[in-house]
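I opened this structure to see how its parts are put together. My entries follow in the order in which I looked things up.

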Amino acid sequence: MKEEILSAKNIEVLTAAKKFILKGINLQIFSGEVLSLAGESGSGKSTLALALTGLLPASLKLGGEIIWQKRRFDLAALRKDTLSSRMLHGQISYIFQEPSSFLNPTLNIAAQLTEVFIYNQKKAYPQALDLSRGLLELVGIKEAEKKLYSFPHQLSGGEAQRVMIAMALAQRPKLLIADEPTSNLDVTIEMEILSLIKNMQQRFGFAVLFITHDLSLVRYFSQRVVFLKAGRIVEESDTAHLKDTANPYVQSLLEAAEALQDYE
Amino acid sequence: MKHLFRNPIFLSGFFIIFFIAFVCVFAPFITSYNPNAINLKEALLSPSSRHLLGTDTLGRDLLARLLYGGRVSLAVGFVAVGISVLIGVALGSIAGFYGGVIDEIISRFIDIMLCFPSFFLILSLVALARHPSLYIIMAIIGFTSWMSPARLIRAEILSLRQRNFVIAALSCGLSQRRVIMRHIIPNAWGPVMVNATLSMAVAVLIESSLSFLGLGVQPPQASWGNILLEAKECLGVGWWMSVFPGLAIFFTVLGLNLIGEGIRESLHK
């Protein structure tokens with residue numbers, strides 16, 4: 001049996017008007033696995049991703065707890081406890097959709113990549129710069145030296161996502177949360193980015209929580225999948241047995257995906 | 001930055017201010033007269049080749065007094081705005097980032113400060129300080145004008161902290177202080193710069209007004225305001241004594257406003 005690294009218990013997110021966005025979410029992630037989180041738009045996938053480390057805006061109420069590597073964190077308390085949340089964020093990395101909006105437009109790539117090395121890992125600047133260059137090469141950025149001194153608006157969408165992956169790897173994460181990392185990229189780039197994530201996952205052995213609405217990617221990418229609908233988990237299954245599901249929601253998502261494939 | 005130096009409004013303002021600052025800084029190379037040297041034999045001369053802008057009631061060269069006085073006026077404007085931006089950015093970003101009770105306290109304090117009509121507040125503070133030095137005047141103007149940069153940066157930060165790259169920076173495990181300093185404030189800088197140049201014009205005007213009322217820079221040290229004060233006595237006989245310092249103030253304020261307007265325009269591109 002694989003070791004459990006993250007276990008979420010009874011996570012709830014409410015708006016200020018006491019409306020549930022997420023309710024009663026229980027979730028386990030095992031070390032080194034890829035777990036997919038699927039569901040239609042607005043089902044709360046991204047909210048759940050951010051809630052796991054308490055990153056939600058202060059206007060949303062957050063409840064529940066997570067157990068991260070056998071340590072218990074109360075999520076509501078975590079948002080105020082900067083030390084614990086910094087520790088968590090050092091071990092859980094994120095990549096998002098629309099990668100270029102997650103890079104600071106006023107700083108060049110070198111400044112943003114070295115920041116993690118310098119401030120979290122206390123390395124000197126020249127060493128941090130070398131590490132950053134190495135990371136950019138690792139994630140397959142051509143002309144890494146030149147790109148180090150580029151600004152976010154000078155990168156293409158695919159390059160920006162590679163930079164985000166490099167930033168995520170810089171922290172040597174134990175868990176990578178990938179929130180629809182390819183939904184804004186075209187299909188060829190999408191496959192490149194996904195196989196890059198897969199390669200890195202096999203190389204460094206971190207677990208991945210892969211959030212998507214595309215069921216063909218779910219089957220390609222992960223062993224287990226959790227379905228979210230209107231803020232609740234409605235189904236959890238192995239991707240291999242996805243076709244045998246009795247759940248009408250999952251069936252409808254599958255049918256939609258197949259219809260789309262036939263159309264293509 | 002590229003946009004900025006192609007913007008005609010910014011450029012014209014920039015050249016006006018650059019010219020004024022340049023001649024004031026290099027005053028000793030432009031005029032050989034001592035701004036404080038009294039020569040009663042040459043009192044109240046109209047502009048001529050010997051005294052380009054004429055002389056005042058005590059025979060001092062007006063061009064020299066304008067140039068050296070300009071140093072004072074510009075320095076007051078610059079330092080006062082520096083102080084107000086520093087305080088404003090610090091308090092505004094704390095209020096905006098942390099929100100809650102801290103935000104309430106700071107915002108209400110800003111409201112309280114805004115209740116006082118600022119020029120009269122400055123007047124009474126200066127009067128309280130008796131014979132204020134230049135530095136005290138700078139400090140007083142700075143400490144009474146930090147509210148608008150504070151409000152501006154608070155509003156900017158409220159919208160910036162929901163932006164994706166701030167979430168990303170936090171998700172990298174960076175400290176909040178670091179995120180504010182490195183990722184939020186630089187992105188809020190534009191509107192603050194606009195505000196700062198415009199309030200520098202106001203600071204120059206306030207200093208001139210104070211000196212004109214005899215409460216600011218004390219003679220014999222020249223400033224544009226106290227040259228005007230002396231000119232008031234002989235408005236009928238020595239028009240040059242009031243026109244030239246007036247023009248100097250006018251062009252400085254115009255130039256600073258053009259710079260501010262130019263930055264504002266290029267931000268919206």
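**A helix pair in chain B**

I began with two helices and noted that α5(B) passes α8(B) in a left-handed crossing. A crossing is left-handed if the near helix is turned anticlockwise from the far one by less than a right angle, and right-handed if clockwise. Helices (H or I, at least four residues) and strands (E, at least two) are DSSP runs, numbered from the N terminus.

I then looked up which residues make the contact: B:Ile110, B:Met113 and B:Leu114 of α5(B), and B:Met147, B:Ala150 and B:Arg151 of α8(B). Two residues are in contact if their C-beta atoms, placed from the backbone, lie within 7 Å. Helix α5 covers residues 100–115 of chain B and helix α8 residues 147–160; their axes come within 10 Å and cross at roughly 145°. Axes are lines fitted to C-alpha atoms, for helices over the stretch in contact, and angles run from 0 to 180 degrees between N-to-C directions.

**Source of the model**

I am reading a predicted model: local features need pLDDT of at least 70, side-chain atom pairs count only at pLDDT 80 or more, and totals for chains, interfaces and linings use all residues. Residues are numbered from 1 along each chain as its sequence is written, while chains are lettered from A and ligands numbered from 1 in the order in which they are written.

**Chain B as a whole**

I found 13 helices and 0 strands in chain B. Its C-alpha atoms fill a box of roughly 75 × 45 × 25 Å, taken along the principal axes. Among contacts between residues at least 6 apart in sequence, 70% join residues at least 24 apart.

**The sheet in chain A**

I turned to chain A, where 4 strands form an open sheet in the order β2-β1-β4-β5, with antiparallel pairing. The edge strands, each pairing on one side only, are β2 (20–30) and β5 (71–74). Two strands pair if DSSP finds at least two bridges between them. Strand β1 (residues 4–14) is joined to β2(A) by 7 bridges, and I noted that A:Ala8 has A:Leu27 as its bridge partner in β2(A).

**A leucine in chain A**

Which residues does A:Leu209 contact, leaving aside its neighbours within four places in sequence? I listed A:Ile29, A:Leu35, A:Leu37, A:Ala49, A:Leu175, A:Ile177 and A:Ala178.
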